[in-house]
Amino acid sequence: MATRPGSTLWRTQNFLRRTTPIERLISRSGLNPSDVVYDIGAGAGVLTALLARRVGRVIAIEKDEALVRQLRRRFADRPNVTVRHADFMEYRLPRAPYKVVANPPFDITAAVVTKLTSAATPPDDVLLVLQTEAADRYCGRPRETLASLLLAPFFEATIVHRFRSEDFVPIPGVDVVMLRLRKRGPPLVVGHQHRQLYRDFVVAGFTAWRPSIGGAFARRLGSRVTHRLLAAVELDPDRRPSDVPFAMWLRLFETFSHLPSAILGRVAGAEARLSRQQRRLEKRHRTRVPRDDLIAPLRRQPHEIADAFDDALTREYAGERSRPWVVSRTHELADRHLAAVR
């Protein structure tokens, strides 16, 4: 991705220095000469070169104009490599089958995963280099997250490799893994309308700001309906939503989906409302305000407060927490700082 002045994605971009681990991963991934593979944020073309030797066609997408020129010179004699000068977040994904192998900046991991997995034609297979914490959230480890539950019916998420810090330059300050997202065939929730109902159902139960799944759904469905719903699958209403495994969420949704349409409508639009709420909030890291600029004022304050703020941002980047929670946490930390310096 871009490294020129004015761009700050480089703050979380770690370029591959050692290709041996990636070569082994690609060789074991099942990629073949009939595949079309997208390399998102191709940079200097390390992944592009490895992929070009194995698959039928590589589409290298890069936003930085200078890097695009370098990529085009480097692969001028490789007819199976196409270099596209584009911002991936604005790029139109294909309708034909394709796969993705990429090492995107950590700051845009969640946006990249969302774009790929919610596309009209999602990729058949995805290999992404990302932070261990983010990968764990998509895998639902050690407990389920909203991200893992929204993903699980449609993709199988697994960590297939753990990198060493010296595999990258600059050396990352976090543990890095390769996450694989394999599209399920068929999905565990079938049909566009059913799929959206599932997503609204999970969002309604996971973001109600209630400590228990019983309390979360009672707010939306009413106490009587919630009691019958949870009793039908023998689920303890006092369990936290994150402590309910995906398989139980799936059973819960299957039971819910057979209820009268008037009850189904009580969760309709939950995901869209959450998205609108998040868009209204200022997302400074998404608009490329340097992460250091967000943290620097607190770095001059007591270390435990700065570390807690840093952790709040990291948990949002990883998909564990939403921006409303981070805003609330920031206010709390600011109050603690004021109390500490008085």
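Which residues form a positive surface patch? I found Arg 273, Arg 276, Arg 279 and Arg 280. The model is predicted, with local features needing pLDDT of at least 70 and side-chain atom pairs pLDDT 80 or more, while totals for chains, interfaces and linings use all residues. Numbering runs from 1 along each chain as its sequence is written, and side-chain values use heavy atoms, without hydrogens and water.

Patch terms: I took residues with over 30% relative accessible area and no salt bridge, like charges being joined within 9 Å. A salt bridge is a side-chain nitrogen of Lys or Arg within 4 Å of a carboxyl oxygen of Asp or Glu. Areas are Shrake-Rupley values with a 1.4 Å probe.

I looked up Arg 280 and placed it in helix 12 (residues 270-280). Arg 280 counts as exposed because its relative accessibility is 64% (exposed is over 50%, buried under 20%).

Next, the strands. I noted that strand 3 (residues 57-62) is largely enclosed by the rest of the structure, because five of its six residues are buried. Strand 2 (residues 36-40) pairs with strand 3 in the parallel sense over five bridges; pairing takes at least two DSSP bridges. Val 37 faces Val 58 of strand 3 and has Lys 99 as its bridge partner in strand 5.

Strand 5 (residues 99-102) is covered on both faces, with Lys 99 and Val 101 buried on one side and Val 100 and Ala 102 on the other. I recorded two bridges from strand 2 to strand 5, running parallel, and four between strand 5 and strand 6 (residues 125-131), also parallel. Ala 102 is opposite Leu 128 in strand 6.

Key. Patches are made of residues with over 30% relative accessible area and no salt bridge: like charges are joined within 9 Å, nonpolar side chains (Val, Leu, Ile, Met, Phe, Trp, Tyr) within 5 Å. Lys and Arg count as positive and Asp and Glu as negative; His and the chain ends are not counted. The place of a charge is taken as NZ of Lys, CZ of Arg, CG of Asp or CD of Glu. Buried means under 20% relative accessible area, exposed over 50%, partly exposed in between (1.4 Å probe, protein chains only).
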